[in-house]
Amino acid sequence: MIMKYLDPKADLTFKKIFGNHPKRLISLLNALLPLSEEEQIHEIKYLPTELVPQLEGGKNTIVDVLCTDVRDRKFCVEMQMEWSDAFQQRVLFNASKLYVSQAKKGGKYSELQPVYSLNLINDIFAHDTPDFIHNYRIVHDKDSNKVIEGLHFTFIELPKFTPHSIADKRMMVLWLRFLTEINSNTKEIPTDLLNDPEIGKAVEELEISGFSDAELRAYDKFWDSVSVERTLIDDSYQKGMEKGRAEGIEEGMNQRNLEIGRKMLANGMDEASVMDMTGLTAEEIKLLKAEM
């Protein structure tokens, strides 16, 4: 019997694989984050993925996976299918909110622990370099050895990954192969992936037989929305190029966000998530709903 699998990068599967399996998530984080031997994660506790604002009128956002370790460090994991400047700003916003949320009345700033943001992008955004792992910290503009600790960002361009690129980091290679090699066309899983305990269990959870009809419909709807978004991005870019002006590109991108927002609302997605993913304002969401 030939086993069929789902793609781990979809929203449904990614959260199923990493959202309730501490050892598995620890393995992923230790493999992909730039952590020294002393900084390795040994134990985590999951946190609610909705980041609620502390101030009235603030912005709620939802992340894919969020946890803290025994040293109170925070780890935020996002799987993103398309790159956009809005996503980059959302990552910065979420990490900053996590860092600030640690502050307690009367507490010391020295007690604040680092926040690590791991972002897996199924898209290419750095076209000027073959590097696919991008690590950011707050550093001095002339001396990168001078660092303000607190916020750490890792962006990984999955389409650029090739196994031989980083052969010296075995677990990093295995997890990236898991994310890039397995999809709905996969019929046989490589033995070295199955031999790792956590990756082997993750593969089992991708077997299509383990999903309900409702979950499979949600999975298909996710990929439909990705296809629509990619089409709209291409159309918007083409319109902007044809106009040849910055305002034309901006207009095309805004129209793209409106179209994506309309599709998301039609598919039953909540307003907060639509605003978060598209950058649309509450007023624009209200107008879209009025048109439907």
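Good morning. D72 is partly exposed, with a relative accessible area of 45%; buried means under 20%, exposed over 50% and partly exposed in between, with a 1.4 Å probe and protein chains only. This is a predicted model, in which local features need pLDDT of at least 70, side-chain atom pairs count only at pLDDT 80 or more, and totals for chains, interfaces and linings use all residues. Residues are numbered from 1 along each chain as its sequence is written, and side-chain values use heavy atoms, without hydrogens and water.

D72 sits in the loop between β4 (65-69) and β5 (74-80); strands (E, at least two residues) and helices (H or I, at least four) are DSSP runs, numbered from the N terminus. The phi of D72 is near 70 degrees, a positive value in a residue other than glycine. Most residues other than glycine have a negative phi.

I turn to the aromatic residues. The structure holds 12 aromatic pairs: rings of Phe, Tyr and Trp (its six-membered ring) with centres within 6.5 Å, stacked if the planes are under 30 degrees apart, edge-to-face if over 60, and tilted for the rest. In one of them, the ring centres of F125 and F155 are 6.3 Å apart and the planes stand at 80 degrees, so this pair is edge-to-face. F125 lies in the loop between β6 (115-121) and β7 (133-139) and F155 in strand β8 (residues 147-157), so the pair ties together parts 30 residues apart in sequence. Both residues, F125 and F155, are buried. Y136 and F155 also form an edge-to-face pair, 5.8 Å centre to centre. Y136, at 40% relative accessibility, is partly exposed.
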